[in-house]
Amino acid sequence: MYSRIYKAIVSAPPLLWVGFFLLLPYALMFAHSFWAVRDGVLVHEWNLQNYHTLLSNPVYVGVLFRTMRIAASVMLFSLLLGYPLAYYLSFHAGPRKELLYQLVIVPLWVSYLVRGYAWKTILGSDGVLNGFLQYFHITHEPVGYLLYSPFAVVLMLTHIYTPFVFLPIYAALEHIPRPLVEASQDLGANPRSTFLLVILPLSMPGLVAGATFAFVLSLGDFLAPLLVGGPSGTMIANIVQSLFGAAYDWPLGASISVCILIITVTLLFMTERLEKRWSFK
Amino acid sequence: MSAGAFSLRQASTGAGSPLLEVRGVAKRFGAREVLKSISLDIAAGEFLTLLGESGSGKTTLLRLIAGFEQPTAGEIRMAGERLDTLPPYKRRVNTVFQHYALFPHLNVRDNVAYGLRVKNTPKAEIGGRVDEALSMVKMTEYTGARPSKLSGGQQQRIALARALINRPQLLLLDEPLSALDANLRKQMQGELKALQREVGITFLFVTHDQEEAMALSDRIALLRDGALEQVASPRDIYAHPATAYTAQFIGQTNLLRGEVRGGVAICGALRWPASGSDGAAVFSLRPEAIPLAADGAAPPDAVRLCGVIQQQIYGGSSELLEVDCGNNQILRVRIPACGPLSGQHEFVFSAADAIRVRE
């Protein structure tokens with residue numbers, strides 16, 4: 001059909017892109033994780049010391065677990081917010097559907113940083129929320145743990161990633177043929193059974209995709225902990241950033257990155273299997 | 001279709017009173033009036049067909065009975081009890097959907113068992129009844145298959161089994177055969193009719209295909225623009241159409257427009273004795289009621305007419321002729337296959353076959 005030259009020209013740019021900007025950096029990162037730094041100089045000596053440090057130092061392991069806990073919380077809370085929202089829009093919003101959909105999407109246009117600073121002003125000691133609590137005499141002094149805590153990180157990330165969870169679920173719900181819902185009612189299923197036996201199983205691919213988005217994106221986030229996390233809200237990406245920056249220990253940073261990459265890839269692999277299992281086309 | 005269907009047989013409700021009563025039901029979607037005050041009774045065990053063009057409101061009426069839509073006015077009763085105020089899952093009505101609406105994530109067995117499962121039927125009973133329902137539609141070998149692996153006809157059978165297993169008082173069928181190819185369709189028509197006789201459940205069948213309606217129904221309710229045009233048995237509606245629309249929609253016909261004056265109908269060149277009031281009149285004359293004059297003895301009230309054959313369409317066992325009777329009056333005539341014809345011929349029809357219809 002097409003000549004070999006044509007095929008080569010067409011496929012070259014994406015291949016080069018993937019090669020230079022994806023495979024090469026990954027290879028470099030992988031190699032770095034087996035090298036070392038001596039007297040402030042990177043030496044190309046192959047060893048497993050970085051991985052040993054990583055696994056034996058409780059700080060790194062602790063932060064890694066905290067990161068996964070935060071990511072899991074964000075996933076859970078964005079599902080709890082995103083699923084009902086998507087369900088309502090898809091099945092019960094009627095003519096308000098379009099407007100509400102836009103309202104869910106609009107925050108995505110606002111810069112991530114702006115939203116981070118907004119949370120700072122809301123959660124801070126003299127912030128909006130504390131002012132409100134004191135004005136109504138619910139508390140008598142500012143509540144300190146609102147800002148610079150894992151709570152603040154989870155809150156901000158949930159706020160940011162809920163639309164990402166909402167979108168695939170909404171798409172999955174919209175693709176459920178309505179006669180299936182009617183058939184379920186027709187066969188005697190009340191709304192609760194219809195939801196559990198028909199709507200939920202058929203929206204599983206969207207739910208899994210949304211959950212994966214929230215978890216993976218939160219796992220690698222470093223701006224939210226930087227802005228609202230404080231020392232107790234530090235996440236693994238902040239450690240990586242400081243190792244590559246101030247600490248100048250690229251090999252250790254690279255080994256942490258490899259760990260995160262392995263977690264992420266394993267997760268993506270598993271969710272793809274799950275999505276396949278739940279798709280019935 | 002098989003043994004074991006006996007337990008599906010409906011306990012006969014009190015004879016005489018209709019199973020379903022539709023009373024002055026109207027439905028409006030915004031400014032659009034889809035149904036205009038429909039009243040209709042369906043007897044227990046009856047096979048009634050809602051026939052109409054697309055947009056005539058037949059599916060809307062079905063959805064009102066199933067409970068997917070609420071009537072704007074009027075009420076629906078089943079076995080004497082108010083039906084239209086119940087949610088769909090509390091009605092003893094089941095539906096076979098146009099595109100079957102089988103659950104894609106469940107296999108055949110779970111699809112068929114769905115209705116029993118959501119009503120918390122004991123597991124032991126579900127198994128037996130699923131087997132029974134599947135054998136009734138001859139689908140016992142496919143219990144583990146996903147619907148997407150089945151052909152259209154097979155999905156159709158599963159949809160039927162899934163509905164009938166609930167032993168509904170009334171089964172609604174929304175153009176269930178429209179997605180099948182012609183041969184399979186004919187076969188399924190036969191099976192559907194046999195199945196209905198066997199289980200004795202009342203069928204309310206929606207179709208736009210008048211031949212299908214004629215072949216299956218005990219009675220046909222013809223809908224036009226959201227109103228009932230005529231409700232009658234297939235033979236009745238064909239032999240005695242009440243309106244010009246009915247006459248044209250059910251089978252083929254010649255509509256003769258003219259007038260009645262002093263007991264004589266005058267339509268173009270044709271004249272015949274007719275009773276009824278004087279004035280403008282429309283008559284329906286079926287093509288097969290106009291044989292060639294040469295064939296057999298003419299009836300006593302025979303009306304003779306001469307015409308030039310303009311076109312002849314061969315249809316296997318019969319021929320359809322277009323005959324010009326003069327003054328551009330064209331009659332369609334169906335006669336037994338007889339070989340090519342041309343030129344002028346004499347035809348004859350009985351005045352009793354010219355049915356006066358409303359416009």
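Guide: Helices (H or I, at least four residues) and strands (E, at least two) are taken as DSSP runs and numbered from the N terminus. The model shown here is a predicted one, and in those terms its chain A holds 12 helices and 2 strands. Followed along the sequence, chain A has the pattern α-β-β-α-α-α-α-α-α-α-α-α-α-α, and its C-alpha trace spans about 75 × 75 × 35 Å along the principal axes.

Turning to the place where the chains meet, chain B brings 23 residues to the contact and chain A brings 19 residues. The size of an interface is often given as the accessible area lost when the parts come together. Between chain B and chain A the buried area is about 1,900 Å², and carbon and sulfur atoms give 65% of that area. On the side of chain B, the residues that lose the most area to chain A are B:Tyr89, B:His105 and B:Tyr114, which together make up 33% of what that side buries.

As for charged pairs, the rule finds 1 salt bridge across the interface of chain B and chain A, and the side chains of B:Arg63 and A:Glu182 meet in a salt bridge at 2.6 Å, taken from N to O. Across the same interface of chain B and chain A, 6 residue pairs are found in polar contact, with both residues at pLDDT 80 or more.

Several elements of chain B each supply at least two residues of the side that touches chain A, namely helix 1 (58–66), strand 6 (93–96), helix 2 (108–118) and helix 4 (152–164). The largest share of that side comes from helix 2 of chain B, with 4 residues. Sorted by class, the side of chain B that touches chain A has 13 nonpolar, 5 polar and 5 charged residues.

Strand 13 of chain B pairs with strand 12 (residues 264–267) of chain B in the antiparallel sense over 4 bridges, and B:Trp272 in strand 13 is the bridge partner of B:Ala265.

Definitions and conventions. Residues are numbered from 1 along each chain as its sequence is written. Chains are lettered from A and ligands numbered from 1 in the order in which they are written. This is a predicted model: local features need pLDDT of at least 70, side-chain atom pairs count only at pLDDT 80 or more; totals for chains, interfaces and linings use all residues. Side-chain values use heavy atoms; hydrogens and water are left out. Two strands pair if DSSP finds at least two bridges between them. Contact means heavy atoms within 4.5 Å. Buried area is the accessible area (1.4 Å probe) that two parts lose on being put together, summed over both. A salt bridge is a side-chain nitrogen of Lys or Arg within 4 Å of a carboxyl oxygen of Asp or Glu. A polar contact is a pair of N or O atoms within 3.5 Å; within protein, one must be able to donate a hydrogen and the other to accept it, and residues adjacent in sequence count only if both atoms are side-chain atoms. Ala, Val, Leu, Ile, Met, Phe, Trp, Tyr, Cys and Pro count as nonpolar, Asp, Glu, Lys and Arg as charged, and the others, Gly among them, as polar.
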